[in-house]
Amino acid sequence: MNKEYILAPSVLSADFSALGDALQFIEQKGGDWVHIDVMDGHFVPNLTFGPPVIAALRKRTSLPFDVHLMTSNPAEHFDSYIEAGADYLTFHIEAEIHAHRLISRIHEAGRKAGISLVPSTPVSSLKELLPLVDLILVMTVDPGFGGQSLIPSCLEKVRELKKLKQENDFSYIVSVDGGVNSRTLDSALSAGSDVIVTGSAFFSGNFPV
Ligand SMILES: O=C(CO)[C@@H](O)[C@H](O)COP(=O)(O)O
Ligand SMILES: [Fe+2]
């Protein structure tokens, strides 16, 4: 299928007892990246993968790893995720005051730095970081779980970010994460999303691939 966006299926909705097979499935279905949701049971009320699991998956595919840290204090352990094989490492603005420093450290390690914001955080909170980041991940659900419904008003942030990018010649790409399925895909794309993350819809056959 010829598509004009980066498809980043999230293994959060895969069978955790067969994550290697999930990577193969993503490749077969034309996924461009693998989205890996790291949850610490603190920043979000759920717990998922850590660096050892990511390092094991790294041996099974050459697709880029889009690691989404939903963790408190991401600066404390970001290097383990880089060592494990993250290509894009995204952390939450709500979890890190010293974001400039963390972005620099990710860049010094030779990886792409992403910043994410939950539905209640406005784009204005990212103002100082817009010239620095490679990716902005707009959460369209409250993070922590797959299978939730996309909050349509969050897509306004995608429009705002794309406008700011154009006006200021910034280089970031914009990703939409949460509740994207065959019904909501068009709205995410028409808002200007460059990357589409999809978990439950992709693994249940409710995503147009
Ligand atoms: O970051 C998250 C959830 O916190 C996402 O990456 C989910 O994995 C997306 O799942 P769906 O909403 O597509 O089921
Ligand atoms: Fe995610």
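Two strands are taken to pair if DSSP finds at least two bridges between them, and helices (H or I, at least four residues) and strands (E, at least two) are DSSP runs numbered from the N terminus. The structure is a predicted model, in which local features need pLDDT of at least 70 and side-chain atom pairs count only at pLDDT 80 or more, while totals for chains, interfaces and linings use all residues. Residues are numbered from 1 along each chain as its sequence is written, and side-chain values use heavy atoms, with hydrogens and water left out.

By this criterion, strand 7 (residues 173-177) pairs with strand 8 in the parallel sense over three bridges. The chain passes from strand 7 to strand 8 through helix 6 (residues 185-191), in a right-handed β-α-β crossover (with the strands pointing away from the viewer, the path from the first strand over the helix to the second runs clockwise). Strand 1 (residues 6-9) also pairs with strand 8 in the parallel sense, over four bridges. Val 197 of strand 8 stands opposite Ala 8 and opposite Asp 177. Strand 8 (residues 195-198) is covered on both faces, with Val 195 and Val 197 buried on one side and Ile 196 and Thr 198 buried on the other. Buried denotes under 20% relative accessible area, exposed over 50%, and partly exposed in between (1.4 Å probe, protein chains only).

In helix 1 (residues 19-28), the buried residues are Leu 19, Gly 20, Ala 22, Leu 23 and Ile 26. Seen down the helix axis, these residues fall within an arc of 160° and therefore line one face of helix 1, the arc being that of the directions from the axis to the C-beta atoms. They pack against strand 1, strand 2 (34-39), helix 2 (51-58) and helix 7 (200-204). Just after helix 1, Gly 30 takes a positive phi of about 85°.

An unreviewed UniProt entry places the feature "binding site" at His 35, Asp 37, His 68 and Asp 177; such annotations may be inferred rather than shown by experiment. Although spread over 143 residues of sequence, these positions cluster in space, with a largest C-alpha distance of 10.5 Å. His 35 is found in strand 2 and counts as buried at 0% relative accessibility. Asp 37 also lies in strand 2 and counts as buried at 4%. Beyond neighbours within four places in sequence, the contacts (heavy atoms within 4.5 Å) of His 35 include His 68, Asp 177 and Val 197, and those of Asp 37 include His 68, Met 70 and Asp 177.

Key:
Chains lettered and ligands numbered in written order.
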